Amino acid sequence: MLNANLINVVTASLRDAGITSPELSPIRAFPKPTAKVEDLTELLLTSDLEDPYQDPRVIALGAQLYIQSLSHLDQGHHQRERQRQAAELEARAPELFKKIQAAFDTAAKKLVKDAEPLKGVEEPSAINGGNSGRATAEAAINVTQGLAALERTIKAWWDLWLALGNTSYGVERGKPFTFMNPNVQQWDSIRRNPTIWEAVRAGIDLTLAERPEQVSERFQAMLIDAEPKERERQSLLPAEGYGSFRTN
């Protein structure tokens with residue numbers, strides 16, 4: 001079940017990514033206690049009944065005082081209400097993932113287009129009107145904003161999966177495979193700095209994984225494809241060590 005304690009994290013991430021979060025039914029207010037011990041004492045003293053403890057007013061007020069004495073009753077109510085909201089949000093998760101995917105695809109397509117004149121630039125945010133032409137500066141602004149939009153969308157994707165209890169993406173160095181699925185040659189070209197921008201510069205398609213497990217699957221598939229190349233590289237090493245290399 002979706003973690004009720006992460007509802008606010010998910011809704012905030014969705015909002016930052018420009019995705020409307022589903023409207024959840026509001027938390028029902030817990031009645032504030034109003035009964036006082038002195039009021040019970042007064043009722044007992046002024047009751048018209050021979051046995052004041054049988055007075056309906058005394059019984060009702062006594063019940064209120066007992067309920068008030070139960071520790072953390074209001075906190076328990078709030079947690080149950082949050083769990084109810086969590087169930088509502090979980091039921092909308094498939095729809096939200098579709099919205100996240102659509103937002104990612106739209107932002108990725110625009111970023112690739114805006115990046116065309118800047119692929120030779122390592123850091124687009126360093127470009128401004130003072131050190132480049134107007135068109136280049138505008139392109140840099142668009143690229144910087146596009147990168148931020150994609151990062152926010154990816155965060156929303158991860159936060160929703162985290163709330164659902166799924167973080168099975170494998171090793172940390174494979175996490176960039178969340179937003180791309182490069183082949184061995186492409187990965188080798190950016191592996192030292194596997195960012196969204198470097199992927200765009202290298203012409204790697206930006207594709208959001210469907211689920212955390214696919215992040216690991218993509219990474220593992222790339223490693224398997226890389227094994228023949230690694231074996232070939234190892235075959236060039238001389239048996240006696242690194243003093244010399246065979247070239248044939």
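The structure holds 14 salt bridges, a salt bridge being a side-chain nitrogen of Lys or Arg within 4 Å of a carboxyl oxygen of Asp or Glu. This is a predicted model, in which local features need pLDDT of at least 70 and side-chain atom pairs count only at pLDDT 80 or more, while totals for chains, interfaces and linings use all residues. Residues are numbered from 1 along each chain as its sequence is written, and side-chain values use heavy atoms, with hydrogens and water left out.

**Salt bridges**

- D55 pairs with R57, their closest N and O atoms being 3.3 Å apart; D55 counts as buried at 5% relative accessibility, whereas R57 is partly exposed at 45% (buried means under 20% relative accessible area, exposed over 50%, partly exposed in between, with a 1.4 Å probe and protein chains only).
- R84 and E81 form a salt bridge with closest N and O atoms 2.5 Å apart, and both residues lie in helix α4 (residues 73–91), three residues apart, or about one turn of the helix.
- Within this pair, E81 is buried, with a relative accessible area of 3%, while R84 is partly exposed at 25%.
- A network of salt bridges links R28, E81, R84 and E88.
- The side chains of E138 and R134 meet in a salt bridge of 3.1 Å, N to O; because they are four residues apart in helix α6 (residues 134–163), about one helical turn separates them.
- E138 is partly exposed, with a relative accessible area of 39%, and R134 is exposed at 68%.

**Helix α5**

- Helices are DSSP runs (H or I, at least four residues), numbered from the N terminus.
- The 23 residues of helix α5 (residues 93–115) should span 33 Å at 1.5 Å a residue, which agrees with the 32 Å between its end C-alpha atoms; the expected span is 1.5 Å times one less than the number of residues.
- The buried residues of α5 include F97, I100, F104, L111 and D114.

**Nonpolar cores**

- A nonpolar core is a set of buried Ala, Val, Leu, Ile, Met, Phe, Trp, Tyr and Cys residues joined through side-chain atoms within 4.5 Å.
- Of the 53 residues in the largest nonpolar core, I100, F104, L111, L150, W157, I196 and L206 touch the most other members.
- Among the elements that give two or more residues to this core are α1 (7–16), α5 and α9 (212–235), and α6 gives the most, with 12 residues.
- Leaving aside residues up to four places away in sequence, L206 touches F104, A108, L111, L150, F179, I196, A199 and V200, contact meaning heavy atoms within 4.5 Å.
- A second, separate core of six residues includes A35, V58, L61 and L65.
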